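Here is a briefing on one protein model. Please look over the sequence and the fold before reading on.

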Amino acid sequence: MLHIAVDIGASSGRLVAGKIIHDKLEIQEIYRFSNEFTNRNGTYFWDIDHLLKEILQGLSIVKSLGYEDCTVGIDTWAVDYALVGSDGKRLQDVVSYRDHRTDHSIEKVTKIISKEKIYEKTGIQFLQFNTIYQLYEENKELLNATDKILMVPDYLGFRLTGKAVAEVTNASTMQLMNVEKRTFDSELLETISVKAEQFGTLVEPGTVLGTLRNDWFPEFELPNCKIINIASHDTASAIIGTPGKGVNWAYLSSGTWSLLGMELDSPIITEASFKENYTNEWGAFGTYRFLKNIMGMWILQEVQRNLPEEISYEQLIVEAKQVPPYEQLINFDDDRFLNPKNMIEEIQAYCLETNQVIPKTAGELAAAVFYNLAIMYAVAIQNLEKIVDENIELLYIVGGGSQNEFLNQLTADLSRKTVCSGPVEATAIGNLLMQLISMEKITSLEAGRILVSKSFEIKQYQPSPLTSPEVIQRFVELVSKNRSNES
Ligand code: LFR
């Protein structure tokens with residue numbers, strides 16, 4: 001039987017087919033489509049009906065290739081949701097987490113319930129776009145009329161099967177789940193006037209959601225599909241698809257976001273993890289993704305979009321290499337870079353305000369992004385080692401960003417760690433592994449990771465001597481100065 005990963009990111013989605021052939025996992029991209037959020041009357045929305053249509057289009061291609069039966073898993077980004085009425089119809093379009101409606105919501109909600117208490121209950125990092133803040137800003141009439149609040153992959157699954165669930169790897173990113181009780185926290189729900197019954201049934205990855213209702217989509221020729229609840233948060237799938245071995249490895253899932261952390265068996269909720277804003281997102285098989293969100297390739301994608309002339313990603317890397325290193329220190333995790341009107345102008349304004357060299361050319365801008373991302377990764381690893389109290393031996397970089405050899409080497413140099421890069425398709429692979437585990441074709445997460453390391457090429461980078469070791473300390477000082485100015 002064929003297995004299909006539907007993997008949808010902020011800028012594109014695809015259907016990737018997977019099969020075990022001669023003890024190796026073979027994957028093939030069947031269909032790719034675009035995704036974006038657009039501004040309508042001042043609000044940024046995703047086009048969820050477009051995504052549903054594209055999934056069906058992709059599945060009809062699977063059928064046209066001669067496959068009658070398959071399993072399907074759907075993963076997307078986290079935190080965003082659809083509001084569904086009791087007639088099963090969506091009450092409004094899905095708002096994007098980069099919308100500005102939550103720019104000040106953390107302050108508002110934490111006036112009702114303290115930051116410390118929210119963190120103690122959930123162990124989840126404070127990001128202004130977490131579902132808790134989005135729901136707080138939601139129109140109350142709409143919320144009252146809502147039968148089900150469904151996260152994006154759960155909503156897509158609901159449209160395909162009629163079954164409403166809340167898959168836990170994604171549900172944990174709402175910042176509404178009590179990590180000790182492993183269920184919704186009633187006090188947090190009360191704070192935002194939402195009831196537990198308004199969510200789907202909590203399900204673990206690996207369970208079966210249901211059968212695709214081919215009869216609902218007569219315009220498409222579809223195969224028979226069993227839809228599996230995989231780890232539906234894309235980052236959760238990416239970590240499943242990371243071929244880490246033993247205990248002392250960390251990961252960097254590099255795409256629109258850079259997610260850097262470790263897989264743990266139990267959450268870490270301490271003063272230090274709170275201060276550094278580390279999160280404990282729920283993973284498959286009771287694991288936790290102890291990680292930090294770092295503003296990733298989004299910055300470069302936006303720079304690229306705002307440049308006066310079109311220039312490829314590869315060319316940006318070539319030009320960045322010609323620029324002197326560490327010309328400016330920029331804390332890209334500042335909320336001002338979340339969704340500014342124009343990323344290039346925002347970077348330039350930051351450099352002007354902080355009396356630094358202003359990057360102007362495409363190469364200078366790309367260099368500013370790469371050097372600072374590498375510094376941010378190195379700082380995050382240092383903090384991670386301190387908080388977890390472990391010495392990290394290997395850093396696995398997976399996802400689209402792992403193809404950037406220049407950034408991989410910089411990351412090895414600055415972090416002083418051996419870096420392993422690949423697979424590029426870790427998210428789709430993790431999605432497929434959960435399907436294979438659910439269908440009992442592989443026995444465990446560990447067996448899945450061994451299969452990944454046998455099936456895909458992994459490159460290694462060793463740290464080379466550092467020319468400017470002081471940049472990390474200077475960056476840390478800059479961030480703590482910003483923090484004390486804020487408080
Ligand atoms: C990555 C990701 C991150 C999440 C962000 C917003 O695609 O899922 O893990 O923090 O998008 O949902």
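The points below cover the annotated site, the ligand shell, the core and some backbone details.

This is a predicted model: local features need pLDDT of at least 70, side-chain atom pairs count only at pLDDT 80 or more, and totals for chains, interfaces and linings use all residues. Residues are numbered from 1 along each chain as its sequence is written.

- The unreviewed UniProt entry annotates Asp234 as "active site". UniProt positions follow the numbering used here, feature names are shortened, and annotations may be inferred rather than shown by experiment.
- Asp234 belongs to helix α9 (residues 234-240). Helices (H or I, at least four residues) and strands (E, at least two) are DSSP runs, numbered from the N terminus.
- Asp234 counts as buried because it has 30 C-beta neighbours inside 10 Å. A residue is buried if 20 or more other C-beta atoms lie within 10 Å of its own, exposed if 12 or fewer, and partly exposed in between; C-beta atoms are placed from the backbone.
- Leaving aside neighbours within four places in sequence, Asp234 contacts Asp7, Gly9, Asp75, Thr76, Trp77 and Thr427. Contact requires C-beta atoms, placed from the backbone, within 7 Å.
- The end C-alpha atoms of residues 4-241 lie 15 Å apart, and the span is 30% helix and 29% strand.

**Ligand shell**

- The ligand is surrounded by 13 residues, and the closest are Trp77, Ala78, Val79, Thr235 and Trp257. Here a residue is near a molecule if its C-beta atom, placed from the backbone, lies within 6 Å of it.
- The elements giving two or more residues to this shell are α9 and β16 (257-264).
- The shell has six nonpolar, six polar and one charged residues. Ala, Val, Leu, Ile, Met, Phe, Trp, Tyr, Cys and Pro count as nonpolar, Asp, Glu, Lys and Arg as charged, and the others, Gly among them, as polar.

**Core and covered helix**

- The largest nonpolar core has 138 residues; Ile132, Ala366, Val369, Phe370, Ala374 and Tyr377 touch the most other members. Such a core is a set of buried Ala, Val, Leu, Ile, Met, Phe, Trp, Tyr and Cys residues joined through C-beta atoms within 7 Å.
- Helix α14 (residues 362-388) supplies the largest share of this core, 18 residues.
- Ala374 touches Leu407, Leu410, Thr411 and Leu414, not counting residues up to four places away in sequence.
- In helix α6 (residues 152-161), 10 of 10 residues are buried. Among them are Asp154 and Arg159.
- Just after α6, Gly162 takes a positive phi of about 85°.

**Hairpin**

- Strands β17 (residues 279-282) and β18 (residues 288-295) pair in the antiparallel sense over four bridges. Pairing requires at least two DSSP bridges.
- Thr279 has Leu291 of β18 as its bridge partner.
- Five residues separate the two strands of this hairpin, and Phe285 in the turn has a positive phi of about 55°.
- Thr279 and Glu281 point one way from β17, Asn280 and Trp282 the other way, and all are buried.

**Backbone details**

- Most residues other than glycine have a negative phi, and most peptide bonds are trans.
- The peptide bond from Gly422 to Pro423 is cis, with omega near 0°. Pro423 sits in the loop between β20 (418-421) and α16 (426-438).
- Ser193 has a positive phi near 55°. Ser193 is exposed, with 12 other C-beta atoms within 10 Å.
- Tyr326 has a positive phi near 50°. Tyr326 is partly exposed, with 18 C-beta neighbours inside 10 Å.

Key:
Contact = placed C-beta atoms within 7 Å.
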